[in-house]
Amino acid sequence: MASEDVVGKTSATIANIAEEAKIAASENVKAPSRQTLLGISKSLVAGGVAGGVSRTAVAPLERLKILLQVQNPHAIKYSGTIQGLKYIWRTEGFRGMFKGNGTNCARIVPNSAVKFFSYEEASKGILWLYRQQPGNEDAELTPLLRLGAGACAGIIAMSATYPMDLVRGRITVQTEKSGTQYRGIAHALRTVLREEGPRALYKGWLPSVIGVVPYVGLNFAVYESLKDWLIKSRPFGLVEDTELSVITKLACGAAAGTVGQTVAYPLDVIRRRMQMVGWKHAGSVVKGDGKSAMEYNGMIDAFRKTVRHEGFGALYKGLVPNSVKVVPSIAIAFVSYEVIKDILKVDMRISD
């Protein structure tokens, strides 16, 4: 199956990165020991809270981004960031600005928790496997190894919570004029299963997996590498001792988010459009006024039809609000994770 091929190729890519990377010497590290149940719980809590806080802070921009991505080109209602936010406020009020945020938090909390925890464990595992090779006994993580760990963590987290992401997207898009209203996550999941079948819960999964590598992988790689560089070089007096300030961590997170979202954005547009396929009760935002929604037979078909009917620029619809929201969102997520991790005293170091 396609999904198995993607996971297999991604695993092979991560393995090749570990084999080909040339890394500097450091202290010898043995195989990572098993964390206690308490330590695992603290790690999951730190990642979950970080995700929930960051998404809530930018919920209006997140909803507008999705509306711009999936709206029918024959019935444009949202033509820009300011106009779109004003239109939502005028037609749906304050609650409309945060529509789908509860579902998003319910999804992003376990997603972020699994992603951050998986990254920590994948980093340890990849480094340990690399150090088993002759001549690599003294090795440390590099951007390439971090990229592999970040990609692995992203695929695990995204796959585990993908059905929730699909229904979250639909709840975010639906308006008062939509046919059948989803009343929440459970009702949406039941409705999709009954009307479209279990495979519908993973519509758009393929471009999501492909997008994980540049998006999540680069997020972690850029963030961690910037932190290490700042600590080692101490430019402009930004670092005191071996600790970075919250503002500096915020800047690192912002840079990481900007790089990741720019590279992977077209795949995000295609994923979101594929999630709307087969939705019988979609509102006019998706179907248009008296028009029919675009049908796609797969990722390549979605790319081809989007570019043919709307031009190459359609692959970047919603990029402006996404750029505005992704920088503070990811920055807040990373800083929240670091702060909560320190509060809970979670030991993320590779143990002897």
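Modeller: With a definition: a nonpolar core is a set of buried Ala, Val, Leu, Ile, Met, Phe, Trp, Tyr and Cys residues joined through side-chain atoms within 4.5 Å. Buried means under 20% relative accessible area, exposed over 50%, and partly exposed in between (1.4 Å probe, protein chains only). The model is predicted, so local features need pLDDT of at least 70 and side-chain atom pairs count only at pLDDT 80 or more, while totals for chains, interfaces and linings use all residues. Residues are numbered from 1 along each chain as its sequence is written, and side-chain values use heavy atoms, with hydrogens and water left out.

Colleague: Which residues touch the most other members of the largest nonpolar core?

Modeller: Met158, Phe220 and Phe334 do, in a core of 31 residues. Two or more residues come from each of α2 (37-57), α5 (101-131), α6, α8 (205-233), α9 (246-276) and α12. The most come from α8, with eight residues. Apart from this core lies another, of 24 residues, including Leu64, Val70, Val192 and Val285.

Colleague: What makes these segments helices?

Modeller: Helices are DSSP runs of H or I with at least four residues, strands are runs of E with at least two, and both are numbered from the N terminus. The chain has twelve helices and two strands.

Colleague: Why is arginine 168 called buried?

Modeller: Its relative accessible area is 2%, and the limit for buried is under 20%, so arginine 168 counts as buried. Arginine 168 is in helix α6 (residues 143-173). Beyond four places in sequence, the contacts of arginine 168 (heavy atoms within 4.5 Å) include Glu62, Asn104 and Arg272.

Colleague: What makes lysine 124 and glutamate 121 a salt bridge?

Modeller: A salt bridge needs a side-chain nitrogen of Lys or Arg within 4 Å of a carboxyl oxygen of Asp or Glu. The N to O distance between lysine 124 and glutamate 121 is 3.6 Å, so the pair meets the definition. They are three residues apart in helix α5, which means about one helical turn separates them. Lysine 124 is buried at 4%, whereas glutamate 121, at 28%, is partly exposed.

Colleague: Which parts does the salt bridge of aspartate 165 and arginine 272 tie together?

Modeller: The side chains of aspartate 165 and arginine 272 meet at 3.7 Å, N to O. Aspartate 165 lies in helix α6 and arginine 272 in helix α9, so the pair ties together parts 107 residues apart in sequence. Both residues are buried. They also belong to a network of salt bridges whose members include Arg55, Glu62 and Arg168.

Colleague: What makes the pair of tyrosine 337 and glutamate 120 a polar contact?

Modeller: A polar contact is a pair of N or O atoms within 3.5 Å; within protein, one must be able to donate a hydrogen and the other to accept it, and residues adjacent in sequence count only if both atoms are side-chain atoms. The side chains of tyrosine 337 and glutamate 120 make such a contact at 3.5 Å. Tyrosine 337 is in helix α12 (residues 319-344) and is buried, at 3%.
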